[in-house]
Amino acid sequence: MKWSLLELNKYKDEPCEFSETLDLKASLMKRDNLILDVSPVKATGILNVGKEEYLLHYKIDVIVTVPSSRSLAPVPLTLSIDVDEVFMTLEQYQQRDERLADEEIILLEKPTIDLDESVEDNILLSIPIQVLSEEEQRSQDMPKGNDWEVLSEEEYAQKRQEEAQQTMDPRLAKLSELFSETSDEDDKQ
């Protein structure tokens, strides 16, 4: 769904409300090859047209299926995302005041606001790096194979500490024997 800036001029007095169901499966899968499936996207919100900017506020509801980061099994993620974006033309951006200095502003390269592109961007940004199935979240078992295993950071630190205690420099082993002999002699006296 796209709005032309000329079309949006008729919404200067009241916000433009929308409720759309978007089919973005093909374009999302093309942009991110890890996505396995995408349900139809429900986007509901408003677009406020001001003199200095275009404010887009909407909510996305979608189910995105991605592989587990541990086992690569498909995991459906239910995402509910609130989005607030500020759009400006180049002229509006050059004339902006200080109240928008800290805002992230999207410059419009074309005289249109593309809801599909905004929704896609926000879905891709909302997919977490670590995705685990419900079973993997409940279980503490990590994957392992021939000559390899996945360890948690705590297990790794503990294993390193145990290895450091078990391996002693052979040069120091002779020195420790010397100390144990002298302490035995001191105990006898």
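Which residue forms a salt bridge with aspartate 121, and how far apart are the closest N and O atoms?

**Figure 1. Salt bridge between aspartate 121 and arginine 31 in the predicted model.** The partner of aspartate 121 is arginine 31, with the closest N and O atoms 2.6 Å apart. Aspartate 121 is partly exposed, at 30% relative accessibility.

**Figure 2. Salt bridge between glutamate 120 and arginine 31.** The two side chains meet at an N to O distance of 3.0 Å. Glutamate 120 lies in helix α4 (residues 115-126) and arginine 31 in helix α2, so this pair ties together parts of the chain that are 89 residues apart in sequence. Glutamate 120 has a relative accessibility of 10% and therefore counts as buried, whereas arginine 31, at 44%, counts as partly exposed.

**Figure 3. Network of Arg31, Glu120 and Asp121.** Salt bridges with shared partners join these residues into one network. Arg31 pairs with Glu120 and also with Asp121.

**Figure 4. Salt bridge between aspartate 37 and lysine 25.** The closest N and O atoms of this pair are separated by 2.9 Å. Aspartate 37 is located in strand β3 (residues 37-38) and lysine 25 in helix α2 (residues 25-31); the pair links distant parts of the chain, 12 residues apart. Aspartate 37 is partly exposed, with a relative accessible area of 32%, and lysine 25 is likewise partly exposed, with a value of 33%. The contacts in these views are among the 4 salt bridges found in a search of the whole structure.

How values were computed:
Residues are numbered from 1 along each chain as its sequence is written. This is a predicted model: local features need pLDDT of at least 70, side-chain atom pairs count only at pLDDT 80 or more; totals for chains, interfaces and linings use all residues. Side-chain values use heavy atoms; hydrogens and water are left out. Helices (H or I, at least four residues) and strands (E, at least two) are DSSP runs, numbered from the N terminus. Buried means under 20% relative accessible area, exposed over 50%, partly exposed in between (1.4 Å probe, protein chains only).
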